[in-house]
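The sequence and structure are shown first.

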Amino acid sequence: MRQLAWLPNGRSLLMVANDFSAPNQNQIWQVSYPAGRASRITNDPNNYVGISLTANGSALAAVKEQITSNIWIASKGGWDHPR
């Protein structure tokens with residue numbers, strides 16, 4: 001679990017969390033209060049790291065993690081001209 005946001009009615013909250021089947025993929029979940037029933041809101045390949053709700057709960061903003069990697073090749077002794 002990463003971040004929580006209570007809905008204005010106080011009957012449930014949203015959270016960024018993962019389940020055991022995909023421990024490196026955080027999704028957005030809704031948890032009812034006081035029953036504690038969890039329902040997954042998103043089900044996509046994204047990894048969410050943050051959420052925020054407006055005061056009236058009409059809009060949700062989510063932060064998605066995106067990792068970019070590059071591979072560079074350089075010949076021995078040619079470190080100043082990688083491609």
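## A buried threonine in a loop

T42 is found in the loop that lies between strand 4 (38-40) and strand 5; strands here are DSSP E runs of at least two residues, numbered from the N terminus. The model is predicted, so local features need pLDDT of at least 70 and side-chain atom pairs count only at pLDDT 80 or more, while totals for chains, interfaces and linings use all residues. Residues are numbered from 1 along each chain as its sequence is written, and side-chain values use heavy atoms, with hydrogens and water left out.

T42 counts as buried because its relative accessibility is 15%, the limit being under 20% relative accessible area with a 1.4 Å probe, protein chains only. Its side chain makes a polar contact with the side chain of Q27 at 2.8 Å (N or O atoms within 3.5 Å, one able to donate a hydrogen and the other to accept it). Not counting residues up to four places away in sequence, T42 touches Q27, I28 and Y48 (heavy atoms within 4.5 Å).

## Pairing of strands 5 and 6

Strand 5 runs antiparallel to strand 6 (residues 60-65), and six bridges join them; pairing requires at least two DSSP bridges. A61 in strand 6 is the bridge partner of S52. Within the hairpin of these strands, which has six residues between them, G57 takes a positive phi near 75°.

Technical notes
Helices (H or I, at least four residues) and strands (E, at least two) are DSSP runs, numbered from the N terminus. Buried means under 20% relative accessible area, exposed over 50%, partly exposed in between (1.4 Å probe, protein chains only).
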